[in-house]
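Colleague: I am new to reading protein models, and I would like to go through one slowly with you. Could we begin with the strands and then move on to the buried parts?

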Amino acid sequence: MSNEIYLPASDRYTNSVGYQACGKSGLLLPNISLGLWHNFGDVDDANEALKMIQYAFDHGITHFDLANNYGTPFGSAETNFGKMLKAHFSAHRDEMIISTKAGHIMWDGPYGDGGSRKYLISSIDQSLKRMQLDYVDIFYSHRYDANTPLEETMGALSDMVKQGKALYVGISKYPTEKAREAYQILRENGTPCLINQDRYNIFTRQIEQSVLPLARENGVGCIAFSPLAQGMLSDKYLNGIPENSRAAHSYGFLQKSQLSPERIEKVSKLNEIAAQRNQTLAQMALAWCLQHPVVNSVIIGTSSVKQLQDNIEALKNLSFTADEMWRIGELGA
Ligand SMILES: NC(=O)c1ccc[n+]([C@@H]2O[C@H](COP(=O)([O-])OP(=O)(O)OC[C@H]3O[C@@H](n4cnc5c(N)ncnc54)[C@H](OP(=O)(O)O)[C@@H]3O)[C@@H](O)[C@H]2O)c1
């Protein structure tokens, strides 16, 4: 373990991003979690990737969110993360919450997609091998699969916990009524749902209607993904599409068509509100997600340490006036 890399533990945690209990569980999650969907694959800068993980960990970001298909090519984010863990963090495994998922297409044939027991159990075994881990902290069903009985998908999650392959389980992007059934089945199986992961940002607020209230009712925690709408909720696209941005990459998920003139005009107005709060737009967008009482953490993606530094600063101002909330709400609609 290198001393240049790690701050003493007391600094890491006392001067850190801070933690919230995940739903009614005893598990504390950092206010900001780091996601490895983009920027950690084989096509990305490996040095910057390591620096981001180190910087995050040194600032108390204990939660790293992955999935079987993260990275280009699929699986490479888990493989690269596993190598970093082994080389630099092996003494710190018990200080980390590592999550992974399966549910979207991962490999050819009928067993590499969906919610079947066959797919989920094979997938967690593959993820553990790629990350060189004995267990993950959280395993998610990455999406609801209408072609598989919910009892089968939830049964596979419960068995992972019983087999010691995952400590907790969660669901992602489930329709509300299916989430309600999933919570019930997981409770009956003796492996309650820890967490629901869904898209939430100033431009995408649907989960406020029923997903968030239902989670609260069931004591399930909530973690918001794409809190910056993949980078749109920053100042980076105000003057065109910069080289090396997600929208510029052929393998990025942000489509140029999403950056319409109407959208950019709203971003520009949001940027003005952020400036009045002495925040960058990215900081304001993260603070806005975290002010929701049911949101326990935001999972950010970053392509540089500089972005990570900028985003952590969001935590310095998490309160909004009623007028700011109203103006942001109008622009997000
Ligand atoms: N459960 C699911 O189905 C699901 C789906 C999507 C995501 N997720 C999880 O959520 C994580 C985050 O998703 P996301 O990457 O879409 O999150 P995001 O935070 O909304 O977007 C991340 C992108 O925003 C840009 N960015 C970040 N900080 C910035 C800053 N300070 N200034 C300017 N630009 C900034 C970067 O874009 P550039 O690369 O252009 O620099 C970065 O790659 C994923 O890694 C994954 O773990 C889960």
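Colleague: Which residue stands opposite C222 in β10?

Modeller: Please keep in mind that this model is predicted. In general, strands of a sheet pair through backbone hydrogen bonds, either parallel or antiparallel. Here, the residue facing C222 is V295 in β10, and the strands β9 (residues 221-225) and β10 (residues 295-300) run parallel and are joined by four bridges.

Colleague: What runs β3-β4-β5-β6-β7-β8-β9-β10?

Modeller: Those eight strands form a closed barrel with parallel pairing, and, if direction is ignored, neighbouring strands of this sheet are turned by 30° against each other on average. Helix α5 (residues 150-162) packs on the sheet, where it touches β6 (136-141) and β7 (166-172), and its direction makes about 155° with that of β7.

Colleague: Which residues have the most contacts inside the largest nonpolar core?

Modeller: They are I138, V169 and A285, in a core of 90 residues, to which α9 gives the most, with nine residues. Beyond its neighbours within four places in sequence, I138 is in contact with several residues, among them I97, Y168, V169 and L194.

Colleague: Why does M284 count as buried?

Modeller: The idea is to count neighbours, and a residue is called buried if 20 or more other C-beta atoms lie within 10 Å of its own. M284 counts as buried because it has 25 C-beta neighbours inside 10 Å. M284 is found in helix α9 (residues 281-290), and, leaving aside neighbours within four places in sequence, M284 is in contact with I273, A274, R277 and Q279.

Notes: Residues numbered from 1 in each chain as written. Predicted model: local features only at pLDDT ≥ 70, side-chain atom pairs only at ≥ 80, totals over all residues. Helix = DSSP H or I, 4+ residues; strand = E, 2+ residues; numbered from the N terminus. Buried ≥ 20, exposed ≤ 12 C-beta atoms within 10 Å, placed from the backbone. Contact = placed C-beta atoms within 7 Å. Core = buried A, V, L, I, M, F, W, Y, C linked by C-beta atoms within 7 Å. Pairing = 2+ DSSP bridges. Axes fitted to C-alpha atoms, helices over the stretch in contact; angles between N-to-C directions.
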